[in-house]
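Please find below a short note on the structure shown here.

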Amino acid sequence: MNAPLTGKVALVTGASRGIGKGIALVLAEQGATVYITGRTVNEGDYYLPGTVGGTARECDERGAESGGRGIAVACDHGDDDQVAALFAQIDKEQGRLDILVNSATQLSEDLLEPKPFWEKPLSNLEMWRVGARSYYVCSWHAAKMMARQKSGLIVMISGYTGVTYTYGVVFSATKALVDRIARDMAIELEPYDVATVSLWQGLTLTEKAKDNLAKMKGKMTNSVAGQTGSSVEHPGRVIAALATDPDIMDRSGGTYITAEIADEYGVVDIDGSRIQSMREKRGAPLWQPIRKVDYRGK
């Protein structure tokens, strides 16, 4: 079957479970060869279910008719050497990379604790290391391949917290940085026809989110806990639509609310529902596509 992403090569970071896994499954279903990274190799290594190998096997199942498949690579995105080896493997095995989805994020154990930043440990900066810095490092490697082939799409998974206080200083600042990285990369990648976008997720019903809602809903931000939430596959459907949009360069550099982009492409969730934008309650993106607003200072 000739699927929309047949022949395309994708990398989805942090895909043992959660949003990354959902995105990987959709891309494989639509025909892509999907590299799946994460630190969880064996069930039981983490308190929630999911492994890189498990996601890869599910990708194979979902891509059985379209030719899509999953390739598991154990990778700690806080280790630059492991990340370099990952991209070397993709280049050697595929010779190209069409889609990078930066999803891997390290969340601190006390994320939901309502304490001021100075009463939380400096080790919480791990959210910058794997969540902002790691997005930059992966994009750096991907850009080398995509600029060479003069095509590609880099997606940053971000959120309303880029402009709205959510769970503390470090978490909010991480997402604001991710949005800006996507905007500025777009300027430098435009001559090579490589697009970069940042997508704002609302509540996504990952394994971790479900666990938090069950155990600590009272500690969660009201605007988050009060949402209906999307499946983990919904953002994957939006990314697949972006990746097949012939005018994707017109979107490059922009920060977008996933729910609103879904409406533009006619994308619904796996149960057929339309995901609601939280713009009115949680804020609007700062960055417009570079072809719409010239940020070059010229």
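1. A residue is called buried under 20% relative accessible area, exposed over 50% and partly exposed in between (1.4 Å probe, protein chains only). Trp 118 is exposed, with a relative accessible area of 61%, and Phe 117 is exposed as well, at 55%.

2. The model is predicted: local features need pLDDT of at least 70, side-chain atom pairs count only at pLDDT 80 or more, and totals for chains, interfaces and linings use all residues. Residues are numbered from 1 along each chain as its sequence is written, and side-chain values use heavy atoms, with hydrogens and water left out.

3. Rings of Phe, Tyr and Trp (its six-membered ring) pair if their centres lie within 6.5 Å; planes under 30 degrees apart count as stacked, over 60 as edge-to-face and the rest as tilted. There are 3 aromatic pairs by this rule. Among them, Phe 117 and Trp 118 are edge-to-face, at 5.2 Å centre to centre and 90 degrees between the planes. How are the rings of Tyr 167 and Phe 171 arranged? Their centres are 5.8 Å apart and their planes at 45 degrees, so this pair is tilted. Both Tyr 167 and Phe 171 are buried.

4. A charge sits over a ring if NZ of Lys or CZ of Arg is within 6 Å of the ring centre and within 35 degrees of the ring normal. Lys 144 lies over the face of Trp 140, 4.2 Å from the ring centre. Arg 183 has its charged end over the ring of Trp 287, at 4.3 Å from the centre.
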